[in-house]
Amino acid sequence: MADRVRCWIIWEFGHVGLPDGEHLLGRDADVAVWLESPTISRHHARIRVSGEDVTIEDLGSKNGTYLRGERLVASVAVMDGDEIRNGSVPIKIRLLKMVDSTVTQGSR
């Protein structure tokens, strides 16, 4: 399924599943992931999801977007379990991979 959610954004106040496409993070009314903090710009960062490939880029925010302790200056690939700090707000990325069917017990 093309619209299957494989990328999840998790933070202190909740979680959001992101299907394929571009998704804005920030504190404006039109963003996919609304992060309530005065350290977050209206349009702070963009996450692009394409199947199992996910990237994030800062959108010129005042307080920056950080991945693995480095301030982003370009679009960067993210991995499952990465923590991203937008301003003072940490979020965690969870990427779900396609999995095989469940094995029936006793069928070995």
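Colleague: In which sense do β3 and β4 pair, and over how many bridges?
Modeller: Parallel, over two bridges. Two strands pair if DSSP finds at least two bridges between them, and strands here are DSSP runs of E, at least two residues long, numbered from the N terminus. This is a predicted model, so local features need pLDDT of at least 70, side-chain atom pairs count only at pLDDT 80 or more, and totals for chains, interfaces and linings use all residues. Residues are numbered from 1 along each chain as its sequence is written, and side-chain values use heavy atoms, with hydrogens and water left out.

Colleague: Which residue of β4 is opposite Leu-25?
Modeller: Val-33.

Colleague: And how do β3 and β5 pair?
Modeller: Strand β3, residues 21-26, runs antiparallel to β5 over five bridges. Gly-21 stands opposite Val-49 of β5 there.

Colleague: Where is Ser-41?
Modeller: In the loop between β4 (33-34) and β5 (45-50).

Colleague: Is Ser-41 buried or exposed?
Modeller: Buried, because its relative accessible area is 17% and buried means under 20% (exposed is over 50%, partly exposed is in between; 1.4 Å probe, protein chains only).

Colleague: What is Ser-41 in contact with, beyond its sequence neighbours?
Modeller: Leaving out anything within four places in sequence, Ser-41 contacts Gly-26, Arg-27, Ser-61 and Lys-62; contact means heavy atoms within 4.5 Å. Gly-26 is 15 residues from Ser-41 in sequence, with the C-alpha atoms 5.7 Å apart. As for Lys-62, the Ser-41 side chain reaches its backbone nitrogen at 3.4 Å.

Colleague: Switching to the largest nonpolar core: which residues touch the most other members?
Modeller: Cys-7, Ile-9, Leu-35, Ile-47, Ile-91 and Ile-93, out of 21 residues in that core. A nonpolar core is a set of buried Ala, Val, Leu, Ile, Met, Phe, Trp, Tyr and Cys residues joined through side-chain atoms within 4.5 Å. β1 (7-11), β5, β6 (53-58) and β11 (89-95) each give two or more residues to this core, and the largest share, four residues, comes from β11.

Colleague: What does Cys-7 contact?
Modeller: Past its neighbours within four places in sequence, the contacts of Cys-7 include Val-16, Leu-18, Val-49, Val-54 and Ile-93.

Colleague: How many helices and strands does the chain have?
Modeller: Zero helices and 11 strands. The C-alpha atoms fill a box of roughly 55 × 30 × 25 Å along the principal axes.

Colleague: What share of the chain is buried?
Modeller: Buried residues make up 37% of the 108.

Definitions and conventions: Polar contact = N/O pair within 3.5 Å; in protein donor to acceptor, adjacent residues only side chain to side chain.
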